[in-house]
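Here's a quick tour to read alongside the model. Have the sequence and the 3D view open as you go.

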Amino acid sequence: MCLLDGLLVMTIRTRFTGLKVISFLIIAVVSLPLIYLVLRASASGIDGINYLLQPRTLTILSNSILLTIAVVIASAVIGTLFAWITTRTNLPMRRVVLILGLMPMVIPSYIGALTLVAAFGPVGYLQQILEPLGIRRLPEIYGFFGASFAITIFTYPYFVLPVRAALLGMDRSLEEAAQSLGCSRWQIFWRVTLPALRPSIAAGALLTALYTLSDFGAVMVMRYNAFARAIYVTYNSSFDRSRAALLALVLVALTLLLVQLERRVTHKAQTYRAGKGTTTITKKLRLGRWQIPAFGFCAVLIGIGTLLPIGILLGWALNPHVISPIDMKLGEASWSAVTTSVLTAVVVALAALPLAIVARRTTSYWSRRLVNLTYIGNALPGIVIGLALVFFGANSMPALYQTLPLLILGYTVRFLPYGLAATGSALAGVNPAFDETAQSLGLRPWQRLFRVTIPLTWASIIAGMALVFLNTMKELPTTLMLSPIGFVTPATRIWMASEAGMLALIGLPGLILIGLSCVGLAILLWRDNLKG
Amino acid sequence: MSLLELHQVSLRFGSVKAVDDISLNVQKGQFVALLGPSGCGKTTTLRLIAGFEWPDSGIISIKNRIVAGENIRVTPEERRVGMVFQEYALFPHLDVAGNIAFGLRGADKRKRVDEMLALVGLSDYAKRMPHELSGGQQQRIALARALAPAPDVLLLDEPFSNLDAALRTQVRTEVRSILKKSGATCIFVTHDQEEALSLADEVAVMFNGQVAQMAEPQRLYSHPVNRNIASFVGEANFLPGEANGHSVSCLLGQLPLAQAASGRVEVLIRPEALRLLDSSDHLNAEIMWREFYGHDQRIGILLNDGKSLIARADSSANYTVGQRVTVEVTGAVQTFAKL
């Protein structure tokens, strides 16, 4: 019976077989390097286990966990408060404050961290200002404090967006019900508002935790020995590269644990909604005497997270002494980055199409499972992907090692989830009834593709490609590890300049990357508008 | 002594007079309906009583304490007014017992929750989460939660609009018995005249932010003060006529008047006052359509001179579309001066 069923289903779905084979190949290519990394790491056997049990490894682990916890807590408090102030109160210039407050999201962490060091580090701007007042030493910025400070500043927007959405979508009558049952403002916040925000805060926390674990730039700049930095340093300094692979494996395990947790939480969040709740909250809370502290809080946040980095970059870029021979390479670097990024975007879009179709249009459990697997790439730190491809390239395909194709493969593994999300959601937006209507009106499959599916999905697919393009432009660790000799992008230019201590050279490429990220954010918002 | 009093209360939203000089008196234990079309200000009136909105002018007092007036602003949490929201607004993160206990203080919380669960007949549901309940059950829990702190007044906003028609009548009966048992003073808002007439001790009909008439359901139906109310509360036919003292002459002949009038008027004839006779002489109308409801039927008729009317007849009467009949009016009729 079961066999017969299977045969029947197979026959119905034969037209997907070709696509499934292609999808399987894509998934294989994308996951091979990671599998190779696992094999390579496990090949070190007892030695490997001994290495992992060394105090140094445990320190790295506890460093990473501590950093993650600190960042999540700090970002949650700051992000939730900021979202609440800008959504629920009568703070003047709310919209401007909100947009400026979201800006840190578009500042790559390595650029942000560099500017923070320039401002608050030893011999930084703040110390120069305070020097005449007799303050000789500022608290140490390098290490745990600096890393958690920098990452918090650049991740709290991950809380602002979901919390704001939850606040805006919240049923007004919930808070009014609490009020009519005798609750004060403060009690309402703790007993009704905060519990309603719990799923959004949890989602933001997991996103932030994943970001913190995979962040490369801030921990490098702040010299904090969390996984990303430890892996890079180990990789660069020791002959036995399998140690880097071992560390990467622990990081992957930690990441997968978080991804699993995230699935639980988002699933729970979906069952949380009870009523339809149509009335939304429009009334703003009068801040009264709290207006100045609230405004001050937002001002400090925006000052440190947005104005300071951009101001410092501007200052560097406008410095008249920077025009040095090395900087002439910026144009060249930009051009090579643009071409590789465009190529990556095209490759990702082409790879995502069959995967998305298989995931959406078949009901086979295993096909869907496999496609879901590629989403994990989203959570994998760039440093791990870079490392995996280095191993894979150097050992199995020496011809490809340090070539452009391997770099693009690395980018593809890293950013395929973006393409998949864009194409997948575009396909999900196409009501099957449209296709069936076209069919009943006598259109052949390819006619339906060109006259129904593509007109309905192209905008979203293009938006996805743009996102891949922009993220590739910004990507640092993958580029550092995989680029051919002499290959330079604005991101690696910034990196080299900072290692050489030539901070002034960072100004222009930094501003260019931030500008590009702004475009990316605009595209994301545009796509969401298309959907809604 | 009235428990709740609104005295010349007004509230504007921008240029719109949402509530326009309303005065209302509600006695202890009374069940009052605010009835009106959407946008008439009935929900705003309810929210003014609850304290979610503040009047621009006028005074609201509960139990002889002014809660809203010049320089007096008692916040909703200090008013002892319970509210049942249209969408129930059960806290999704708390179970049924947690929801009911939400407004309670002190040690006998548990006991009061059990009492309330028993009152609404859901004693076995204490540990359920709101999304596990049916619409009717959610509503009873919302009722229990609002009643638990023993509020002075209970407000209900469109309490039955979220239930499907089949369930509505049953839930309505349950809710009324729960509320009567609790002895609460209630005000509820509805746009459904049947709901208002069947549930309330008194109905206040609202149009354009004003209370057009407040009366017992029966009186409201039989003696509407104007044409708008007559057609909003129940179904109505209007015929032009000429009144002279105690009778009026119109298309359906010389009819007795309930109240003396004179001059050009409009005659209100309720559908059930029309009788359709199958006689052979003086056939003055034709049957155009027929809707059968089981307990009775609605019949559309066209008078010879082209005026169409709606009649109601009991279910046993047999009519066919196209049949010609004689139309008569039973009882005295009411008239409104022609505008």
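What follows covers the domains, the contact between the chains, and some strands.

This is a predicted model, where local features need pLDDT of at least 70, side-chain atom pairs count only at pLDDT 80 or more, and totals for chains, interfaces and linings use all residues. Residues are numbered from 1 along each chain as its sequence is written, while chains are lettered from A and ligands numbered from 1 in the order in which they are written.

**Domains of chain A**
- Chain A splits into domain 1 (19-31 + 322-532) and domain 2 (54-270 + 286-318), with bounds from an automatic or database domain assignment.
- Their C-alpha centres sit 25 Å apart.
- Domain 1 of chain A puts 27 residues into the contact and domain 2 of chain A puts in 30 (contact means C-beta atoms, placed from the backbone, within 7 Å).
- On the domain 1 side, α24 (507-531) of chain A gives the most, with nine residues (helices are DSSP runs of H or I, at least four residues; strands are runs of E, at least two; both are numbered from the N terminus).

**Where the chains meet**
- Here, 20 residues of chain B touch 24 residues of chain A.
- Strand β7 (residues 81-84) of chain B brings the largest share of chain B's side, three residues.

**Strands in chain B**
- Strands β1 (residues 2-13) and β2 (residues 16-27) of chain B run antiparallel, joined by eight bridges (strands pair if DSSP finds at least two bridges between them).
- They form a hairpin with two residues between them, and Gly14(B) in the turn has a positive phi of about 65 degrees.
- Arg12(B) stands opposite Lys17(B) in β2(B).
- β1(B) is also joined to antiparallel β4 (residues 57-62) of chain B by five bridges, and there Ser10(B) partners Ser57(B).

Conventions. Contact = placed C-beta atoms within 7 Å.
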